[in-house]
Amino acid sequence: SHASAGDLWVAVHGLVWDVTEFLADHPGGPEVVEAVAGKDCTSDFEDALHSAAARTETRMRLVGVLEGSETQVESWRAKGWTQDQGIPDVDKLHRAGGGTASGGQWFLTVGAAAATAICAAALMLLKARK
């Protein structure tokens with residue numbers, strides 16, 4: 001359902017968008033969007049390197065969250081994403097909101113690993129002396 005030119009929805013990053021109004025004006029042609037109609041097209045969308053303007057196209061309407069993606073969408077909301085920002089720039093959200101092992105977390109992780117290695121080496125030296 002929602003896979004015809006008169007009623008076309010796509011899912012991108014767990015968010016379901018009605019792109020019917022925008023279909024005729026899609027720069028790659030309507031057939032590009034029709035090929036992924038009614039499906040999760042996250043990879044296709046990101047592989048096409050869409051601009052910030054494309055992510056906020058005003059003729060796309062958010063209609064819901066893809067079942068099973070609720071936690072993912074909530075994590076973006078927690079990092080500052082809002083519906084007004086359109087399709088989330090996930091890479092930007094990870095950088096801004098502390099994605100896995102980024103920024104200060106990276107230094108803490110490396111520091112903890114280094115401290116562990118130093119303690120282990122010290123223990124081995126003490127055991128070797130006994």
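**Pockets and sheet of the predicted model**

The largest pocket holds about 380 Å³ of space. The structure is a predicted model, in which local features need pLDDT of at least 70 and side-chain atom pairs count only at pLDDT 80 or more, while totals for chains, interfaces and linings use all residues. Residues are numbered from 1 along each chain as its sequence is written, and side-chain values use heavy atoms, with hydrogens and water left out. A pocket is an open set of points on a 1 Å grid over the protein atoms alone, where a 1.4 Å probe fits and protein lies on both sides within 12 Å along at least five of seven lines; lining residues have an atom within 4 Å of a point. Its volume is the space filled by probe spheres set on the points, which are joined across faces, edges and corners.

The lining of the largest pocket consists of 20 residues. His26, Val32, Val33, Phe45 and His50 lie nearest the centre of this pocket. At least two lining residues come from each of β2, α1 (30–34) and α2 (42–47). By class, 15 lining residues are nonpolar, three are polar and two are charged. Here Ala, Val, Leu, Ile, Met, Phe, Trp, Tyr, Cys and Pro count as nonpolar, Asp, Glu, Lys and Arg as charged, and the others, Gly among them, as polar.

His26 sits in the loop between β3 and α1. His26 counts as buried because its relative accessibility is 16%; the limits are under 20% relative accessible area for buried and over 50% for exposed, with partly exposed in between (1.4 Å probe, protein chains only). Leaving aside residues up to four places away in sequence, His26 touches Val32, Val33 and His50. Contact requires heavy atoms within 4.5 Å. A polar atom of the His26 side chain also lies 3.0 Å from the backbone nitrogen of Gly28.

The second largest pocket holds about 220 Å³ of space. Its lining includes Ala52, Arg55, Thr56, Lys79, Gly80 and Trp81. Gln85, Ile87, Pro88, Asp89, Lys92 and Leu93 also line the second largest pocket. Two or more of the lining residues come from each of α3 (52–55) and α5 (90–97). This lining divides into five nonpolar, three polar and four charged residues.

The protein chain has six helices and four strands. Helices (H or I, at least four residues) and strands (E, at least two) are DSSP runs, numbered from the N terminus. From that end, the order of elements is β-β-β-α-α-α-β-α-α-α. The chain has 130 residues, of which 27% count as buried. Among contacts between residues at least 6 apart in sequence, 64% join residues at least 24 apart.

The four strands form an open sheet in the order β1-β2-β3-β4, with antiparallel pairing. β1 (3–4) and β4 stand at the edges with a single partner strand each, so one side of each has no neighbour in the sheet. Two strands pair if DSSP finds at least two bridges between them.

β1 and β2 are antiparallel and share two bridges. Ala3 stands opposite Leu8 in β2, and Ser4 has Asp7 as its bridge partner. A hairpin through two residues joins the two strands.

Strand β2 (residues 7–12) runs antiparallel to β3, and four bridges join them. Trp9 is partnered by Asp18 in β3, and Val12 by Leu15. The hairpin of β2 and β3 has two residues between the strands, and His13 takes a positive phi near 55° in this hairpin.

Four bridges also join β3 to strand β4 (residues 61–65), again in the antiparallel sense. Trp17 stands opposite Leu62 in β4. Strand β3 (residues 15–18) is covered on both faces. Leu15 and Trp17 are buried on one side, and Val16 and Asp18 are buried on the other. In a regular strand the side chains alternate between the two faces of the sheet.

Note on methods: A polar contact is a pair of N or O atoms within 3.5 Å; within protein, one must be able to donate a hydrogen and the other to accept it, and residues adjacent in sequence count only if both atoms are side-chain atoms.
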